[in-house]
Amino acid sequence: MADPVAAGVGINPNDPLDHPKNMVGIGTLVPVGELLEMAKKMNPRLKRVGLPWNPSQANSEVYTLMARDKAAKMGLELLEGTVDATPAVGEVVASLAARGADLILTAGDLTVTVAMDAVIAECRRAGIPAFATQLPWRPKARCWPWAPTTTGSGAKRATLPRVSLPARI
Amino acid sequence: MNRIPIIYSFPKRLVINRAELRRLKEPWTFPPEILAIAKDVSEPDAS
């Protein structure tokens, strides 16, 4: 889980060891800001970042707040597209591309993550790259032991840098 | 109570696909510092 505190699982924000006794797991909040910095290095003309996300997901909201903060500091325009269900992801990404997004950022949103094939397809159609903070689809299972699901060989087709945090329990 | 050690720093893994750069309308490039640490999942015959 990206941010156990934001998700409200009962963990003490001041002491991660203070949590319900029946709870195990890890926090995997990934560095969205670093990904945006990397994108800027890859394309200094970067101006607009498209972010599809589901506001009903606490972790996704955390990532979005991080992206808003970093984008503002970098002088980037963050184009947000909200999705309420996976089938809508492709349409939202296409809309973001039509609004002028120079790249699409997916940041730990499960609704978007499971539709990564649609994200990649729309990015390809628009000629823009996709950046992701996790690896829901993987070239080989041995590389991404924590990946929750796979949707085929997307990693071979995506144009993206992705930052992954392998699980350690 | 025994406490399980917690790792607060996780290794990052960066994956790129250089073969896809040609499809992009903007001039995206991978700087050397990214290429130095990234795993390229491009296939030789990727089109």
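Trainee: How many aromatic pairs are there over all chains?
Mentor: Good place to start! This is a predicted model. Rings of Phe, Tyr and Trp pair if their centres lie within 6.5 Å. By this rule, the count over all chains is one.

Trainee: Is the pair of A:Phe131 and B:Trp28 stacked, edge-to-face or tilted?
Mentor: Let's look at the planes. Under 30 degrees apart would count as stacked and over 60 as edge-to-face. The ring centres are 5.8 Å apart and the planes stand at 50 degrees, so the pair is tilted.

Trainee: Where do A:Phe131 and B:Trp28 lie, and how many chains does the pair join?
Mentor: A:Phe131 sits in strand S4 (residues 130-132) of chain A. B:Trp28 belongs to the loop between strand S1 (13-16) and helix H1 (32-35) of chain B, so the number of chains joined is two.

Trainee: Are A:Phe131 and B:Trp28 buried or exposed?
Mentor: Buried means under 20% relative accessible area. Both A:Phe131 and B:Trp28 are buried.

Trainee: Which strand pairs with S4(A) over three bridges?
Mentor: The two strands run parallel. One opposite pair is A:Ala132 in S4(A) and A:Thr106. The strand joined to S4(A) by three bridges is S3(A).

Trainee: Which residue in S3(A) is the bridge partner of A:Val49?
Mentor: Strand S1 (residues 48-53) of chain A pairs with S3(A) in the parallel sense, over two bridges. In S3(A), the partner of A:Val49 is A:Leu103.

Trainee: What arc do the buried residues of helix H6 of chain A cover?
Mentor: Those residues are A:Met116, A:Val119, A:Ile120, A:Glu122 and A:Cys123. They are on the same side of H6(A), because their arc around the axis is only 165 degrees.

Note on methods. Residues numbered from 1 in each chain as written. Chains lettered and ligands numbered in written order. Predicted model: local features only at pLDDT ≥ 70, side-chain atom pairs only at ≥ 80, totals over all residues. Heavy atoms only, no water. Phe/Tyr/Trp six-rings, centres within 6.5 Å; stacked < 30°, edge-to-face > 60°. Helix = DSSP H or I, 4+ residues; strand = E, 2+ residues; numbered from the N terminus. Buried < 20%, exposed > 50% of the residue type's maximum accessible area, 1.4 Å probe, protein only. Arc of directions from axis to C-beta. Pairing = 2+ DSSP bridges.
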